[in-house]
Amino acid sequence: MDDLLRRQYDAWKAARLVPVGWIAPGGYAVQASLWNTLTVSEGMGYGMLLTVLFAGHDPNARGIFDGLLAVVRARPAWAVTPHYAGGKYLMDWKLAPNGESIGEGWNALDGDLDIALALLMADKQWGSSGGWNYLQEAKNTIEAIKSWNMKPDGTLEGLANRSHNRTSDYMTGHFRAFKAATGDGLWDKAVDRAYWLTNHLQNSFSAGVGLMPDFVMNADSGWPIPS
């Protein structure tokens with residue numbers, strides 16, 4: 001299985017990892033499959049998770065990770081920053097082939113959740129005394145997610161309509177890691193709320209099947225429904 005995973009990782013690098021030094025010095029992006037898109041924040045988060053996990057195999061893993069992080073920070077969620085200064089720690093969710101924004105400057109919560117977790121993992125893998133302070137960068141992104149994408153009861157926000165969210169954002173393992181890193185009890189609430197929403201949606205709308213909708217309306221109410 002180790003050999004299989006190493007081959008898959010090397011194949012992914014060859015197919016999807018592209019240098020974009022013109023966005024940030026030493027920068028890398030995870031190439032999207034759409035012809036009109038360079039990358040999306042979800043892809044960048046996946047790439048950061050992969051490189052930190054495969055550091056024992058790839059001697060260039062840290063350099064690639066730092067290059068991905070440089071691009072993440074060079075392309076902040078610019079539509080968020082006029083409303084919240086911490087938006088600079090969230091990524092513009094979609095970039096054109098020339099590196100410019102085509103995501104209207106908003107963040108994709110699942111991408112930023114993966115980026116934050118990858119930064120915590122980078123601190124465990126390499127420490128935070130090099131060119132990047134991974135732990136502080138992780139905490140900056142976690143705080144930005146909390147301030148921009150969370151309600152006080154732990155409900156996630158992620159769309160233009162702030163009472164809706166997406167089930168793909170119910171990353172309870174990430175939330176537990178964020179609580180361990182910050183001590184912030186909000187992340188316990190996020191775990192509880194994600195499980196409550198999952199149980200409610202499955203039991204009320206998919207009994208005996210257990211399927212989940214992509215989008216959830218009125219997620220912060222007592223009766224959330226599929227979109």
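## Helix α6 and its end

Helix α6 is followed by Gly183, whose phi is positive, near 75°; helices here are DSSP runs of H or I with at least four residues, strands are runs of E with at least two, and both are numbered from the N terminus. This is a predicted model, in which local features need pLDDT of at least 70 and side-chain atom pairs count only at pLDDT 80 or more, while totals for chains, interfaces and linings use all residues. Residues are numbered from 1 along each chain as its sequence is written, and side-chain values use heavy atoms, with hydrogens and water left out.

Within α6, the buried residues are Thr172, His174, Phe175 and Phe178, where buried means under 20% relative accessible area, exposed over 50% and partly exposed in between, with a 1.4 Å probe and protein chains only. Seen down the axis of α6, these residues fall within an arc of 150°, so they line one face of the helix; the arc is that of the directions from the helix axis to the C-beta atoms. The buried residues of α6 pack against α4, α5 and α7.

## The nonpolar core

The largest nonpolar core has 56 residues, and Met48, Phe65, Leu119, Ile145, Phe175, Phe178 and Trp187 touch the most other members. Such a core is a set of buried Ala, Val, Leu, Ile, Met, Phe, Trp, Tyr and Cys residues joined through side-chain atoms within 4.5 Å. The largest share of this core, nine residues, comes from α4.

Leaving aside neighbours within four places in sequence, Phe65 is in contact (heavy atoms within 4.5 Å) with Met48, Thr51, Val52, Ala118, Leu119, Ala122, Trp126 and Tyr134. Leu53, in helix α2, is by contrast exposed, with a relative accessible area of 57%.

## The sheet

An open sheet of three strands has the order β5-β6-β7, with antiparallel pairing; two strands pair if DSSP finds at least two bridges between them. Its edge strands are β5 (165-166) and β7 (225-226), each of which pairs on one side only. Two bridges join β5 to β6 (residues 215-217), and Asn165 stands opposite Val216 in β6.

Most residues other than glycine have a negative phi. Glu104, although not a glycine, has a positive phi of about 60°; Glu104 is placed in the loop between β4 (94-95) and α4 and counts as exposed at 60% relative accessibility. Asn218, in the loop between β6 and β7, has a positive phi near 55° and counts as partly exposed at 32% relative accessibility.
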